[in-house]
Amino acid sequence: MSPPPHGTDLSLTVVDTRARHISAEMARWADSELFQGLPVAVRRMLFEAMTPITARPGQRLIGQGDEGTSMYLLDEGRVSVHIVDGEGHRVHETDLQAPEVFGEMALVTREPRSATVVATTEVRCLKVGRR
């Protein structure tokens with residue numbers, strides 16, 4: 001990788017790159033029920049507040065019983081959702097493939113997480129939480 005041209009403001013480059021990513025993310029999620037009816041300015045504000053995260057196969061993203069302070073937009077990849085029942089048995093609930101949303105119920109209800117979500121492929125999510 002070559003160094004930036006003399007006089008280049010790297011902070012502007014980072015901001016410009018993030019702005020392009022936000023525009024691309026908004027376009028990918030434009031048809032999602034979650035964002036239907038929201039003005040573009042509000043959607044942009046929400047996407048600006050999101051943190052991109054990645055996970056490897058087998059990596060846990062959320063755990064059953066955890067405090068639900070955030071939700072995730074599964075932007076790339078696939079995850080497995082399972083619960084541990086009252087007898088301590090792990091029960092597979094479903095698989096989710098991008099684009100999909102998970103973790104929203106605990107965020108809204110403030111109840112503990114009802115399931116565990118684990119990456120089954122390389123995953124990219126957008127994480128948004130309460131302040």
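# Close-up views of a predicted model

**View 1. Helix α1 carries I22.** I22 lies in helix α1, residues 10–28. Helices are DSSP runs of H or I with at least four residues, strands are runs of E with at least two, and both are numbered from the N terminus. This is a predicted model: local features need pLDDT of at least 70, side-chain atom pairs count only at pLDDT 80 or more, and totals for chains, interfaces and linings use all residues. Residues are numbered from 1 along each chain as its sequence is written, and side-chain values use heavy atoms, with hydrogens and water left out.

Is I22 buried or exposed? I22 has a relative accessible area of 5%, so the residue is buried. Buried means under 20% relative accessible area, exposed means over 50%, and partly exposed lies in between (1.4 Å probe, protein chains only). Leaving aside neighbours within four places in sequence, I22 is in contact with R44, F47 and E48. Contact means heavy atoms within 4.5 Å. I22 and R44 are 22 residues apart in sequence, yet their C-alpha atoms are 7.4 Å apart in space.

**View 2. V42, M45 and L46 make a nonpolar surface patch.** The patch covers about 230 Å². Patches are made of residues with over 30% relative accessible area and no salt bridge; like charges are joined within 9 Å, and nonpolar side chains (Val, Leu, Ile, Met, Phe, Trp, Tyr) within 5 Å. Accessible areas come from the Shrake-Rupley method with a 1.4 Å probe; for residues, only the protein chains shown count as cover. L46 is found in helix α2, residues 40–49. Its relative accessible area is 31%, so L46 is partly exposed.

**View 3. An open sheet has the order β1-β8-β3-β6.** These 4 strands pair antiparallel. Edge strands are β1 (51–55) and β6 (100–102); each has a single partner strand, so one side of each is left without a neighbour in the sheet. The twist averages 30° from one strand to the next. Axes are lines fitted to C-alpha atoms, for helices over the stretch in contact, and angles run from 0 to 180 degrees between N-to-C directions. Two strands pair if DSSP finds at least two bridges between them. Strand β3 (residues 70–76) is joined to β6 by 3 bridges. Which residue in β6 is the bridge partner of L73? The partner is V101.

**View 4. Another open sheet has the order β2-β7-β4-β5.** Here, too, 4 strands pair antiparallel. β2 (60–62) and β5 (90–97) stand at the edges with a single partner strand each, so one side of each lacks a neighbour in the sheet. Neighbouring strands are turned by 30° against each other on average, direction ignored. Strand β4 (residues 78–84) and strand β7 (residues 116–119) run antiparallel and are joined by 4 bridges. V79 has A119 as its bridge partner in β7.

**View 5. R124 forms a salt bridge with E25.** The closest N and O atoms of this pair are 2.7 Å apart. The pair links distant parts of the chain: E25 sits in helix α1 and R124 in strand β8 (residues 123–129), 99 residues apart. A salt bridge is a side-chain nitrogen of Lys or Arg within 4 Å of a carboxyl oxygen of Asp or Glu. By this rule the count comes to 5 salt bridges. E25 is buried, with a relative accessible area of 0%. R124 has 16% relative accessibility, so R124 also counts as buried.

The side chains of D75 and R124 meet in a salt bridge too (2.7 Å, N to O). D75 is in strand β3 and R124 in strand β8, 49 residues apart. Both D75 and R124 are buried.

**View 6. R78 and D95 meet in a salt bridge.** The N to O distance between their side chains is 3.7 Å. R78 lies in strand β4 and D95 in strand β5, so the pair ties together parts that are 17 residues apart in sequence. R78 is partly exposed at 31% relative accessible area. D95 is partly exposed at 35%. Elsewhere, salt bridges that share partners join E25, R28, D75 and R124 into one network.
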